[in-house]
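Subject: A structure for you to explore

Hello,

Please find the structure below, together with some notes to read alongside it. Have it open while you go through them.

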Amino acid sequence: MGIRLGVKARLVICCPEVFTAGWTQQYLRCAVNLLPRHFSTLKEHQKKLMGRGLPKQAPLPGVKRIVAVASGKGGVGKSTTAVNLALAIAANDPKVSVGLLDADIHGPSIPMLMNLSGNPEVTKDNLLRPLVNYGIACMSMGFLIGDSQPVIWRGLMVMSALEKMLKQVSWGPLDYLLVDLPPGTGDVHLSLCQHVPLSGAVIVSTPQDLALIDARRAAEMFRKVGVPVIGMVVNMSGFQCPNCHHQTHIFGESETAKQLGLDVLGEIPLHISIRESSDRGKPIVLLLPGGAEALAYVHTASKVVKCLERMASS
Amino acid sequence: MALNSDGLQKRVRCVLLVLSGKGGVGKSSVSVQLALSFLSLGKKVGLLDADLCGPSIPLMIGAHGKNVQRGPDGWLPVRAGPSASLSLMSVAFLLSNKDDAIVWRGPKKTAMIKQFLSDVQWGDLDILIVDTPPGTSDEHLAVLEGLRGHPVYSAVLVTTPQAVSVGDVRRELTFCHKTGTKVLGIVENMSGFVCPHCVECTNIFSQGGGESLAKECDIRFLGSVPLDPSLALTLDKDRDFSCAATEGPAEAALRHIAEILLKEMNEDANVAQTS
C-alpha cells in the first residue's frame, strides 16, 4: 500500500493491517518532516549524477571579459553588430585589446566582414593563433574550411569544435572577447555558457515583433543559465530614402523592445553603407567613422562597456 | 495515417524543402507565401515548421496560440490559413507558453523532427512544405532521414543578394549535392526596396547576388522578391499573411515562383509514378 505525496515522493506503509485514521495523520506528519532533508539530499545527488560528463566552466587565460552577442532570430545583424562593436570598443579606448570569436559554425560570417582569410598558424604549444585585422584577434570556422564547404555536423561535433575554438586558441591577453553566436538557442549557446564564464550578453534584434519574440527567447535562455543580459541593440531601426529622405520603418517600429524589459543599448539605422562596407570587408566604424551609423555603434559600445564595468563593480 | 515511410510515398505527392544556410533571409515568409499560393492554385498543402528554436510560422499564418490535438493514430495538424485549408505543424503548438525558449541539444531536436514526420496525421497532400532553420545541422539531417525513400522531394534555396548571404547559400547548395537533394532553384529575397514616397529603388541588401550564384552553380534562378515593408507591418498589426491585402509586389513575385515550382514538382511526380 502506498500513498503518493505530490509527484516526487511515495510513502509506503509496511503494515496496512494496523493502519487507522488516527495513525495516518501521525505517520504523515513524520513523513512530511523527514521529506525536506531527504529531498535536498536527493536533489544534490541528482545534480552530482547529472553533472558527470558536463564540461567544467573555466575562464580563458588572459581574457578578462567574455561577452556574447546573440539574437535568437537569424539575419538581424548579429555578426555585423559584433564586428562593429569590437572595433568601436577598441576605438573608444586604444589601450584595450579586443578579440572576436565567430561561434556560428555552420554560417561563419566573420572572415568576410573582417576581410580575413587563410589557415591559422599553430604555436609551439599546439594552440591556434588567431588571425588579426584592424587590431582585432579573430577566430572562425571559416578559417578552417573552404568557402563553399558546408559543415554538416550534428550537435556533438559542433560542441567539440566550439570548445577547441575557445580553449585551444592562443588568445593572449584580451580585455574583451566578443562571441558572435549563431541564431537559435541550442547546442552552441549552451556549450558556450557551460565552458566559460560570460560577463554578459548583448541581444540584437530588428524592431519587428517576429524578431523580438525570438530575442525574448534568447534573453530568457541567458537568464535561465545565469548570464546577465546587458541589453538590446535594435538594428535596422529605420531607412531613409537617399533620394527624397523619406523615412520608412521597413522592419516595423514596435515599442515591444522596451516592453521586453531590456535596456536599449543603441539603435542602428538601416543604411546601404553598412551593407556595402560589410561586403567589402571594411566595417562601417572604420570606413566612415564620422557617419551617423558608425557613431551609433560607438555610442552603443560605450554603453556596453559602462554596463560591464558597473556589473563588475557590483 | 501518419507520415511513416509507407504513408510518405502514398499520401504526400511532393515534398518541398525551403533551405538557406543564412538566417533572416525570409525562409519562413517565403514558405508561408508559397503555401498560400499553392492553396490558391487548388492544391492540398501541408506546412511543417522545422525551425524548433525560432518557430515563426504560426504567427505568420494566424495560428499563434493554438494547440495540437491528439487523434487515434497520432497528432492532428493544426488547420490554418484561408478556410482553414492549410495543415500546419510547429513546435510552437506544443509549448504551454508560446514564447518559451526552446533550448535543446541536437538529439532532442532530431527526435522532435522525426516525430513531426512520423506521428502527425498529415492526410492526403499534394505538397508538404518544410521550413528549415538556417545552417546544416541536426534538424536538416533529421528531415532528410525522415524523408528517405520519398520519390519526389526537392528544395528551393532562399538568399538575399548580399555577399554574406550568398556565401552561406553556396554552402547549402553543396549540402544539397552531397545529400542528393534536388534543387529546383534559387529565390533572391529582399531584392531592392522601392520608396513609397518617391518610387526610387534602393538596393539596400545589394543586387543580383542570388542570380549570379544561380548562374555560377548552374541552378535555375526562380526570381527576385522585393523588400516589402507591408509584410513586416502586417504581422506587427496583429494580422497575418493570409488576411493581408493581396498582391503586393512581394506576393505577386512569389505567386509566379510558386507556379514554376508546381510545374516542376508535377513533372517529377508524374515521372516517379510511371517509373
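Let's begin with the charged side chains: over all chains there are 18 salt bridges, each being a side-chain nitrogen of Lys or Arg within 4 Å of a carboxyl oxygen of Asp or Glu. Side chains of opposite charge can pair when their charged atoms come close.

Before going further, please note that this is a predicted model, where local features need pLDDT of at least 70, side-chain atom pairs count only at pLDDT 80 or more, and totals for chains, interfaces and linings use all residues. Residues are numbered from 1 along each chain as its sequence is written, chains are lettered from A and ligands numbered from 1 in the order in which they are written, and side-chain values use heavy atoms, leaving out hydrogens and water.

Back to the salt bridges. B:Glu145 meets A:Arg154 at 2.5 Å, N to O. This pair crosses between chains, from helix α5 (residues 138-147) of chain B to the loop between β6 (136-140) and α4 (155-167) of chain A; helices (H or I, at least four residues) and strands (E, at least two) are DSSP runs, numbered from the N terminus. B:Glu145 is partly exposed, at 27% relative accessible area, and A:Arg154 is partly exposed too, at 32% (buried means under 20%, exposed over 50%, partly exposed in between, with a 1.4 Å probe and protein chains only).

B:Arg105 forms a salt bridge with A:Asp187, with the closest N and O atoms 3.3 Å apart. B:Arg105 lies in the loop between β6 and α4 of chain B and A:Asp187 in helix α5 (residues 187-195) of chain A, so this pair joins two chains.

Within chain A, A:Asp214 and A:Arg217 form a salt bridge at 2.7 Å, and both are buried.

Which residues form the aromatic pair? The rings of B:Trp75 and B:Phe116 do, with their centres 6.1 Å apart and their planes at 55°, so the pair is tilted (centres lie within 6.5 Å; planes under 30 degrees apart count as stacked, over 60 as edge-to-face and the rest as tilted, using the rings of Phe, Tyr and Trp, the last by its six-membered ring). Both residues are buried.

Finally, have a look at strand β2 (residues 45-49) of chain B, where five of five residues are buried. β2(B) pairs in the parallel sense with strand β6 (residues 86-90) of chain B over five bridges (pairing takes at least two DSSP bridges), and B:Leu48 stands opposite B:Met89 in β6(B).

Happy exploring!
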